[in-house]
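Subject: Structure handover and notes

Hello,

Here is the structure I said I would pass on. My notes follow below it.

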Amino acid sequence: MKRIVFFIFMFSFFSCKTLPKFVPVQNHKSSQIVSNGIERNFRYLLPTDYQTNTLPLIFVLHGGGGNSEGMIYLTRLSERVDQDRFIVVYPEGFANRWNDGRGVKHSITDQNQTKDVLFFRDMVSYFKKNYLIDESRIHVVGLSNGGFMAQRLACEAADVFASSFSVAATTSKFLSQNCSLGRPLSVGFIFGKKDDIIPYRGGTIFIPKNPLNDKDRIAAGESISFQDSLKFWSEKLQCTSENRRYIQGIKTKINKDIVQYDYESRIPSLRLRAFLLENGGHIWPHGFYYHSEKKYGYLSEDLDASSAILDFFKETPKTNLGGN
């Protein structure tokens, strides 16, 4: 339990200190734009040999209370930029949160009804203006609060995004009642069945109020169950069949620990995929963390979430990731 609580709040404690094999935070470009009258910030990384070639664009959203620096370290997606040929963007939520539609009472961004969907549209415009972007391959992935936001973008900006992926998040009750999908797109999930923040069976989300006392929790909106989330999106994406199978983790210790769901759609090239970790919690599986100079490592040894997500993005319509 303490490990989960540490994970949720650890982003605030990251420094710019370079760790082995990491692409340092300072190697990323930092930029600001004004969106809806508010200065918004984001970091991003280009391939080292970038010139004028057209590239996919991947947005990576932190969880509630997190930041862009934490997601750079946690996901290590920047390490894959040269190999898989894409531009990765780590935006900052307003007051460290995203307005994903749940109406969280204690959240400043929810109270102010921050126009985060507009912020992402404005960021896409920024990259289209300054770089050559493959507009058929713009993707978003988010963790927890960021995962709920990724689904809101799927609902309200499907004209922009080719796919949306949520980690440690199901579908919010708000979206299940208000999602009007303008254009079908691919959707993915990674979820731990033992998540003690987002209930597997749906209901009220409770988040720790104090990182040092995980029993002191406050309500943070409502979600539908993991299975209902898959049903909701399978209907939205016009899926006709479901295939589920057990897959091996990075270091398999328990048989039948990870269930992979794949849905076939009437729409060519469309994907709905989900990974359910039977023993997983509220984490980015196989995400990297550190809390001192001498003690750092992976949060789990099951699914490599970053690789699974990039593989999913490679299956977007029209072209493959990096296939120029």
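How many aromatic pairs does the count come to? The model is a predicted one, and in it the count comes to 21 aromatic pairs. One of these is formed by Tyr-200 and Phe-226: the ring centres are 6.0 Å apart and the planes meet at 25°, under the 30 degrees for stacking, so the pair is stacked. Tyr-200 belongs to the loop between E7 and strand E8 (203-210), while Phe-226 belongs to helix H8 (residues 226-236), so the pair ties together parts 26 residues apart in sequence. Tyr-200 and Phe-226 are both buried.

Other aromatic side chains

One aromatic cluster is formed by Phe-42, Tyr-44, Tyr-50, Phe-59, Trp-98, Phe-119, Phe-120, Tyr-126, Phe-127, Tyr-131 and Phe-161. Phe-119 also has a charge over its ring: the charged end of Arg-40 sits there, 4.0 Å from the ring centre. A second case involves Arg-76, whose charged end sits over the ring of Phe-288 at 4.4 Å from its centre.

The sheet

The sheet is open and has 10 strands, in the order E1-E2-E4-E3-E5-E6-E7-E12-E11-E10, with mixed pairing. Its edges are strand E1 (29-35) and strand E10 (239-247), each of which pairs on one side only. On average, neighbouring strands are turned by 20° against each other, direction ignored.

As background, strands of a sheet pair through backbone hydrogen bonds, in either the parallel or the antiparallel sense. Strand E3 (residues 55-61) and strand E5 (residues 133-143) run parallel and are joined by six bridges; among the residues involved, Ile-58 has His-139 of E5 as its bridge partner. Helix H6 (residues 145-156) packs on the sheet, where it touches E3, E5, strand E6 (163-167) and strand E7 (186-192). The direction of H6 makes about 145° with that of E5.

E5 and E6 also run parallel, with five bridges between them, and the partner of Val-140 in E6 is Ser-164. Together, E5, H6 and E6 make a right-handed β-α-β unit. On to the next strand, E6 pairs with E7 in the parallel sense over five bridges, with Gly-188 of E7 as the bridge partner of Phe-165. Between E6 and E7 the chain passes through helix H7 (residues 173-178), and this β-α-β crossover is right-handed.

Is E6 mostly covered or mostly exposed? E6 is mostly covered, as five of its five residues are buried. Ser-163, Phe-165 and Val-167 point one way from the strand, and Ser-164 and Ser-166 point the other way.

Helix H8

Which residues of H8 are buried? They are Phe-226, Ser-229, Leu-230, Phe-232, Trp-233 and Ser-234. Phe-226 is the residue already noted above as stacked with Tyr-200. The cover over the buried residues of H8 includes H6, H7, E7, E10, strand E11 (258-265) and strand E12 (272-277). Just after H8, Gln-238 takes a positive phi of about 60°.

Regards

Key:
Residues are numbered from 1 along each chain as its sequence is written. This is a predicted model: local features need pLDDT of at least 70, side-chain atom pairs count only at pLDDT 80 or more; totals for chains, interfaces and linings use all residues. Side-chain values use heavy atoms; hydrogens and water are left out. Two strands pair if DSSP finds at least two bridges between them. Helices (H or I, at least four residues) and strands (E, at least two) are DSSP runs, numbered from the N terminus. Axes are lines fitted to C-alpha atoms, for helices over the stretch in contact, and angles run from 0 to 180 degrees between N-to-C directions. Contact means heavy atoms within 4.5 Å. Rings of Phe, Tyr and Trp (its six-membered ring) pair if their centres lie within 6.5 Å; planes under 30 degrees apart count as stacked, over 60 as edge-to-face and the rest as tilted. Buried means under 20% relative accessible area, exposed over 50%, partly exposed in between (1.4 Å probe, protein chains only). A charge sits over a ring if NZ of Lys or CZ of Arg is within 6 Å of the ring centre and within 35 degrees of the ring normal. A crossover is right-handed if, with the strands pointing away from the viewer, the path from the first strand over the helix to the second runs clockwise.
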